[in-house]
Amino acid sequence: MNRTRVLSAATLLALAATITSAPVTARAAERSDGFRVVDGRLVDATGKDFVLRGVNHAHTWYTDRTGQSLADIKALGANSVRVVLSTGARWTKNDAADVAAVVSRCKANRLVCVLEAHDTTGYGEQGGAASLSEAVDYWLEVAGALKGQEKYVIVNLGNEPHGNAGHTAWTQDTKDAIGRLRAAGFAHTLMADAPNWGQDWSNTMRENAPAVFASDPDRNTVFSIHMYGVYDTAAEVEDYLGSFVDRGLPIVVGEFGFDHSDGDPDEDAVMATARRLGLGYLGWSWSGNGGGVEYLDLATGFDADRLTGWGERLFHGPDGIRQTAQEAGVYRRGCSIAYRLDDWGTGFNADVTVRNTGEQPLKGWKLDFALPEGATVNSAWNASVTQDGRRVRATNESWTASVPVGGAVSFGVNVTGPGAVPASFSLDGVPCAKG
């Protein structure tokens, strides 16, 4: 979130540069089977267009509120949530275990998780702010919680990573951050926030986005503008967003509000323009704002039954979340599991059938479930099975990888110990019905 006053709209217009650039055609990221950028559009793991429609949640300051908050945000129609994390530079670090728990909660609520490192806010101007390089150090530290989650997670390099001072370093700093993460094996879609406390009044991101995008070997970077007081007219909103669309560059509104200390953003224009151009937006923020911007709470006291006027506008108004959000295709991968036991007292065989009840064919799958205490897998057929304590993961073999819509595959396990039907199953992190 922007926390400082920036130049007036009149000064902004005087400074704005006319930008011309050859159209950019992006190739799909070859290393990822998750989100990727194709021809300037964000697509999900099913290859379908995905438009972010969600809100920001301040997890790092309200970790005990996250579980219920994500459930409430989903119930109000959102398809995504941008989650505030801390690298430890300014606030208590969210370690790998906590990040993994956040991702799990996002998946349980069928939300796309945009994870952002907040400590970079206003670097060069805000005391104690972390650099983008330090943010990359953090992402590398929590990599174990992120790798393998490319279908569900977008990594937002750092929140508003430069203030109004030193913002010219944004281009090289962002290129370096992308390069380090790719070299470390991150295949996620990456999101790059604008400088100038996220608002890019200097047009630094606008002018240099093509070079930054081209520097990504996966061509899988999305740009994020934060629209507060700088964007107080429809013309400014449309001009900025349209300049990216016209050049085939992926852009989202990563934060915006209905009011702010630096002016009165045109939230109606933000939402209408995003709908017309098919662009994502994430409103700031669910609840818990302080420092004089409490009015930006969407819900009073984290209570979904007490939406503020801003909350009602964002969720239920024209071009709002309820009206325009569509769930990510990966969460439409419905499934049902039949688990049949042949139990002889000291052990059992289980025949497990995975049925695809979703809207997309499965091209590879992982099924997770838990065995009773004391049960041990001895062998398996038609799937590769691993066990960690009670938790079991079955991964397709090459000949059981493809499951058409309405189709099914079966595998079996031989187990020593007590037998019982598992309480729940999840396929690629998505809960399955019992069939």
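**View 1. A disulfide joins Cys335 to Cys432, with 1.9 Å from S to S.** This is a predicted model, in which local features need pLDDT of at least 70 and side-chain atom pairs count only at pLDDT 80 or more, while totals for chains, interfaces and linings use all residues. Residues are numbered from 1 along each chain as its sequence is written, and side-chain values use heavy atoms, leaving out hydrogens and water. A disulfide here is a pair of cysteine sulfur atoms within 2.5 Å. Cys335 sits in strand S11 (residues 335–343) and Cys432 in strand S21 (residues 430–434), so the bond ties together parts 97 residues apart in sequence. Helices (H or I, at least four residues) and strands (E, at least two) are DSSP runs, numbered from the N terminus. The torsion about the S-S bond of Cys335 and Cys432 is about -95°, so this disulfide is left-handed. Cys335 and Cys432 are both buried (under 20% relative accessible area, with exposed over 50% and partly exposed in between; 1.4 Å probe, protein chains only).

**View 2. Cys106 and Cys113 form a disulfide too, with their sulfur atoms 2.2 Å apart.** This link is right-handed, with 50° about the S-S bond. Cys106 counts as buried at 1% relative accessibility, and Cys113 is buried with a relative accessible area of 1%. Searching the whole structure turns up 2 disulfides, and the pattern along the chain is 1-2, 3-4, counting bonded cysteines.

**View 3. Helix H4 (residues 132–141) packs against helix H5 (residues 170–183), their axes coming within 9 Å and crossing at roughly 15°.** Axes are lines fitted to C-alpha atoms, for helices over the stretch in contact, and angles run from 0 to 180 degrees between N-to-C directions. H4 and H5 are therefore roughly parallel (angles under 35 degrees; over 145 is roughly antiparallel, 65 to 115 roughly perpendicular and the rest oblique). On the H4 side, Leu132, Ser133, Val136, Asp137, Trp139 and Leu140 meet Asp173, Thr174, Ala177, Arg180 and Leu181 of H5, where contact means heavy atoms within 4.5 Å. The residues of this contact split into 6 nonpolar, 2 polar and 3 charged (Ala, Val, Leu, Ile, Met, Phe, Trp, Tyr, Cys and Pro are nonpolar, Asp, Glu, Lys and Arg charged, and the others, Gly among them, polar).

**View 4. Helix H8 (residues 267–277) has Glu267, Ala269, Val270, Met271, Thr273, Ala274 and Leu277 as its buried residues.**
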